[in-house]
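Reader: I am new to this structure and would like to understand the terms used for it. Could you take me through them with care?

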Amino acid sequence: MKIKINNLTIVTSSGLFRKNLFIDKGIIKKISDKPISSRGVDFLIDNENLMVFPGFLDMHVHLREPGFEYKEDIESGQRAALSGGFTAIACMANTNPVNDNSAVTHYIKCKSNETGIPVDVHPIAAITVGLKGEKIVEMGDLKKAGAVGFSDDGYPVENSDILRKAMEYSKCFNIPIICHSEEKKLSKEGQINEGEVSLKLGLKGIPKEAEIIGIYRDIMLAKLTKAKVHIAHVSTKDSVELIRRAKKEGINISCETCPQYFLLTEEEVLGYNTFAKVNPPLRTKEDVMAIREGLKDGTIDVIASDHAPHHIDEKDGEFELAPFGMIGLQTMIPLSLELVRLGVLDFQVLAEKLSRKPHQILGLKPPVIKEGEEACLTIIDPHYEWVLEKDRIRSKSYNTPFLGKKMKGKAVYTIKGGKVFEIED
Amino acid sequence: MVNKVNWLHKDLISLEPLSREEIIFLLETAKSFEEVLERDVKKVPTLRGKSILTLFYEPSTRTRTSFEMAAKILSADTINISVSTSSVSKGETLLDTVRNLEAMSVDVIIIRHSFSGASEFVSKRVKASVINAGDGRHEHPTQALLDLLTIWEYKKTLTGLKVAIVGDILHSRVARSNLFALRKLDNEVRFVGPATLVPEDFKKLGAKIFYNLEEGLYDVDVVMALRIQKERIGDGFYPTEREYAKYFSINRETINFAKRDTIIMHPGPVNRGLEISSDVLEDKRCVVLNQVTKGVAVRMAVLYLLLSGGKVEN
């Protein structure tokens with residue numbers, strides 16, 4: 001298939017350029033200032049409003065299969081990811097059975113390939129068997145089966161000695177340990193951020209310190225072991241500060257945050273809105289500003305969604321019984337563009353956080369927009385306005401506090417494996 | 001004389017969103033019903049033909065009886081359902097339960113639940129009026145209203161008072177409802193107790209915080225002791241009951257820190273010897289049983305306002 005892209009803004013690591021692209025057999029053949037002849041072209045993209053990014057990767061997704069297919073399955077998750085403009089996603093291990101052995105990893109790889117949906121699925125395996133925090137998994141075998149990272153997301157390894165050993169052992173395979181950093185004894189039975197809102201609603205609070213203490217421990221273990229460590233979903237001001245200092249010190253860590261932590265505050269929960277019940281919980285204005293600062297100065301490497309689908313029957317009930325989590329694949333682009341509109345990031349840095357960095361952290365080759373490179377692209381319309389209605393959601397679940405909200409920006413095409421995929425409206 | 005306020009709420013879930021005027025209107029309406037309770041024949045036809053359901057997911061003697069009494073005096077039909085909370089997670093969902101009950105044409109659902117927000121959740125999903133009879137550690141609006149009515153009677157005012165609420169503030173829905181209502185009426189609200197049970201962030205909601213009983217009670221017009229909710233709080237909030245009682249119990253000595261004409265309140269049930277001593281309960285300044293009487297009048301007023309849509313006939 002020959003694909004021609006006319007007069008679009010191209011976002012590369014060296015800047016933004018208005019260029020013409022010619023792609024043949026999946027390879028970027030030509031990038032030029034002059035229009036490329038349309039002869040023999042199978043697909044033409046010609047819309048000066050669009051922007052071409054290297055393909056986006058969401059490195060924190062819960063696909064729920066195997067085990068919880070009523071919330072989401074691999075296919076519906078891929079559809080949501082494609083609709084959100086992702087060319088790849090990485091999925092967490094808290095399925096049933098847990099992805100703690102190569103058979104499950106293999107199953108996820110095969111199943112996601114069979115769907116034919118052009119979104120690569122990279123499994124993240126558990127750190128410990130059954131997410132129990134006791135015995136480390138067969139990391140070598142899992143890597144061979146396709147695992148790109150290890151994480152007990154949701155169930156932080158409580159025993160520091162076991163986590164230390166997991167970090168040390170992971171170095172043999174040069175694969176990252178992804179920490180859900182939380183001191184569980186301190187956050188026990190907590191529902192939302194501890195503070196004014198938790199007192200007003202009479203819900204047990206989760207102090208910020210539960211995350212901060214967890215992150216401090218994980219940083220120190222990263223320092224001790226010199227392993228490749230990534231901190232998931234950073235949500236507090238002090239967390240950003242700790243990571244900033246650790247990076248300055250030269251400790252080998254990276255971290256991510258999610259749109260809910262740079263856009264929403266605990267106030268979102270008022271009225272017992274279970275769609276805003278997430279872990280870590282939504283914090284305060286002060287934290288939101290600090291997260292933005294961390295994104296701006298590079299302390300925070302990656303924006304991930306922590307896409308966590310839950311069935312409406314689980315969310316539509318007593319707040320204290322509702323599970324934590326919100327979906328996020330389809331809102332990633334408009335919500336991240338909000339950072340550009342707020343002047344926090346420019347498009348180039350946004351591309352780093354949605355494409356290059358997550359690929360690098362997971363040991364995957366980042367897509368590059370360069371002649372001779374494979375074409376793995378996300379093409380967006382940054383100005384397109386739409387409303388997040390239930391019927392636009394491709395996920396099986398619609399648990400998000402952004403439901404019904406106005407969005408600005410949307411993926412229009414992805415290009416991958418030599419084909420163009422038009423994203424339905 | 002009843003002020004002209006249009007009561008437009010379908011439900012009574014919390015006092016926090018109500019205006020000062022609405023709270024006063026509720027109390028004035030309750031006051032007008034007190035007279036009915038003094039009659040020989042305690043029956044008025046006001047709510048004849050209305051059906052009222054109490055749905056209690058937590059044990060209660062006082063509150064449920066009080067609601068039932070109020071409904072019966074107003075000639076409504078009442079049905080009482082008690083559900084054990086343990087069946088919640090395995091059995092029918094709360095939503096299905098209330099929808100089924102509503103399908104039997106219930107006009108009012110009075111709900112008590114161990115989870116904060118349960119009453120609000122139900123109110124948003126049924127057409128019937130919902131009254132919150134206590135939800136987790138969130139609010140207990142009719143309790144605070146009856147407390148205010150009691151204070152009004154003894155202090156002849158609803159404003160400018162110093163009120164100390166003592167004990168397990170963190171887990172108390174009574175403390176929250178009282179805080180919101182008392183602050184709207186421009187009273188000073190002091191939360192007094194061990195720091196583990198009195199989070200400092202309550203300052204942001206308008207409370208003054210005291211970890212010392214003598215300082216907390218100094219010069220107050222009202223002392224409200226709260227029940228230590230042993231079933232709700234778990235371990236570790238204070239070392240022993242012995243030490244708790246030593247530092248935070250309202251007793252014959254500590255009550256002297258307050259104004260001489262202070263009144264002593266407690267929402268019940270009481271842990272005698274823990275948060276309040278037996279001799280203080282016998283003190284003539286103790287109005288605990290008067291609170292209970294006021295409770296019926298307050299609940300009559302709430303039922304009446306929710307079902308009549310605020311049209312007050314004198």
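This is a predicted model: local features need pLDDT of at least 70, side-chain atom pairs count only at pLDDT 80 or more; totals for chains, interfaces and linings use all residues.

Reader: What makes residues of chain A and chain B count as being in contact?

Author: Two residues are in contact if their C-beta atoms, placed from the backbone, lie within 7 Å, and 14 residues of chain A are in contact with 21 residues of chain B. By class, the side of chain A that touches chain B has 6 nonpolar, 3 polar and 5 charged residues, where Asp, Glu, Lys and Arg count as charged, Ala, Val, Leu, Ile, Met, Phe, Trp, Tyr, Cys and Pro as nonpolar, and the others, Gly among them, as polar.

Reader: How do you know which residues belong to domain 1 and domain 2 of chain A?

Author: The bounds come from an automatic or database domain assignment, which gives 2-52 + 371-382 + 406-422 as domain 1 of chain A and 55-361 as domain 2. Their contact takes 19 residues from domain 1 of chain A and 14 residues from domain 2 of chain A.

Reader: Which residues does Phe150(A) contact, leaving aside its neighbours within four places in sequence?

Author: Among them are Ile124(A), Val137(A), Met139(A) and Ile178(A). The C-alpha centres of the two domains of chain A, for their part, lie 30 Å apart.

Technical notes
Residues are numbered from 1 along each chain as its sequence is written. Chains are lettered from A and ligands numbered from 1 in the order in which they are written.
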